[in-house]
Amino acid sequence: SEPFGLIVLEAMLHGVPVLFSEEAGVSEVIKSGIRLSLDAPATTAKVLSKLLTDESYWQETMLSQLHEVGTYYQRGYETSVLDAWSRATTSPTTTHG
């Protein structure tokens, strides 16, 4: 399992509606994707069926995701992630008195 799921962003960028687990790391950042519970296969099947048979639902999902991915980099997530990584990998300063 990919912790963040760059493939989700790539699919969104290419106009492909994406479905992902609520537990996936990407679910913390992406709002317009179709979130699914791994514990609800019947609901997953229903959502997937609607996506494949309802062209307006496909279009609505795709356009929403295209808009979101188009503004993704403006939100500064990459800077936040890099800052967090820097803090996590920098050893704390120890003072001896």
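**A walk through the predicted model**

Ser21 belongs to strand 1, which covers residues 19-21; helices (H or I, at least four residues) and strands (E, at least two) are DSSP runs, numbered from the N terminus. The model is a predicted one, in which local features need pLDDT of at least 70 and side-chain atom pairs count only at pLDDT 80 or more, while totals for chains, interfaces and linings use all residues. Residues are numbered from 1 along each chain as its sequence is written, and side-chain values use heavy atoms, with hydrogens and water left out.

Ser21 has a relative accessible area of 17% and is therefore buried, a word that stands for under 20% relative accessible area, with exposed meaning over 50% and partly exposed in between (1.4 Å probe, protein chains only). Its side chain makes a polar contact, at 2.5 Å, with the side chain of Glu23; such a contact is a pair of N or O atoms within 3.5 Å, where within protein one must be able to donate a hydrogen and the other to accept it, and residues adjacent in sequence count only if both atoms are side-chain atoms. Not counting residues up to four places away in sequence, Ser21 touches Ser27, Leu36 and Leu38, contact meaning heavy atoms within 4.5 Å.

Seen as a whole, the protein has four helices and two strands, and from the N terminus on the elements follow the order α-β-β-α-α-α. Of its 97 residues, 30% are buried.

Helix 1 spans residues 6-13, and its buried residues are Val8, Leu9 and Met12. Viewed down the axis of helix 1, these buried residues fall within an arc of 95°, so they line one face of the helix; the arc is that of the directions from the helix axis to the C-beta atoms. Ile7 and Leu13, on the other side of helix 1, are exposed, whereas the buried residues pack against strand 1 and helix 3. Just after helix 1, Gly15 takes a positive phi of about 80°.

The loop between helix 1 and strand 1 also holds Val16, which counts as partly exposed because its relative accessibility is 40%. Leaving aside neighbours within four places in sequence, Val16 is in contact with Ala11 and Gln65. The C-alpha atoms of Val16 and Gln59 are separated by 9.5 Å, although these residues are 43 apart along the chain.

Helix 3 has buried residues at Tyr57, Thr61, Met62, Gln65, Glu68 and Val69. Down the axis of helix 3, they fall within an arc of 135°, so they too line one face of the helix. The face turned away from this buried side carries the exposed residues Glu55, Ser56, Glu60, Leu63, His67 and Gly70. The buried residues of helix 3 pack against helix 1, strand 2 (34-36) and helix 2 (41-53).

The largest nonpolar core has 11 residues, among them Val8, Leu9, Met12, Phe20 and Val69; a nonpolar core is a set of buried Ala, Val, Leu, Ile, Met, Phe, Trp, Tyr and Cys residues joined through side-chain atoms within 4.5 Å. Helix 1 gives the most to this core, with three residues. A second, separate core has five residues, including Leu36, Val47, Leu51 and Tyr57.
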